[in-house]
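Here are a few notes to read with the model open beside you. Take the points in order and find each residue as you go.

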Amino acid sequence: MRKLLLATAATLIAAAGAAYSQDAKMSFFVTSVGSGKGADLGGLKGADAHCASLAEAAGVTGKSWAAYLSTSDTDARDRIGKGPWVNAKGVKIADDVASLHSDANGITKQTALNEKGEAVNGRGDPPNRHDVLTGSKPDGTKIADQTCGNWTMSGAEGAAMMGHHDRAGLDDSAAAKSWNSSHASRGGCSQEALKGTGGDGLFYCFATN
């Protein structure tokens, strides 16, 4: 009986270790929650810290994280390291910055998981949360006037460019299917404004190392 218990324990430990190592590879996720203050993320520093906090809470340590966000003087594509990047299930999103910003990237509703490995609500799900803050053009460069004051505004003023993590929108246009540059927020930068178009103040996080 004792040998059986030891063997069972060893099997469970091995299984847990395998699950952890799979999660530990994660280098890309959509935040499960935003700041709660609309597009006011505390600037890039606050957004990066939010990425790191969520990743560590999910058991992924030893990585440096950057939010995929552009500002008036920064391009999102230049913040996120060189790749490759994989989600919490070990599925590859892209090999490098060039492939991430090409039609060959692997971002879909099924792969753009949060840090817990969970799917994020998209178009058709209640509530829709597919609008992801980026402030970016399709090539990952900045749209200076659509960053909600460099991610410090949460009122009725300003606007933020957002992408659709589920690659779905009102039509079949390239913008509707864009993961990083679909449309600007309407009605400002508040949580209510972001929710009004199908968002929740979520953003992408990438490991830079």
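1. Start with serine 64: it is partly exposed, at a relative accessible area of 38% (buried is under 20%, exposed over 50%, partly exposed in between, with a 1.4 Å probe and protein chains only). Before going on, know that this is a predicted model, where local features need pLDDT of at least 70, side-chain atom pairs count only at pLDDT 80 or more, and totals for chains, interfaces and linings use all residues. Residues are numbered from 1 along each chain as its sequence is written, and side-chain values use heavy atoms, leaving out hydrogens and water.

2. Where does serine 64 sit? Look in the loop between α2 and β2 (helices are DSSP runs of H or I, at least four residues, and strands are runs of E, at least two, numbered from the N terminus).

3. Now see what serine 64 touches. Leaving aside neighbours within four places in sequence, serine 64 is in contact (heavy atoms within 4.5 Å) with Phe206, Ala207, Thr208 and Asn209. The C-alpha atoms of serine 64 and threonine 208 are 5.7 Å apart, though 144 residues separate the two along the chain.
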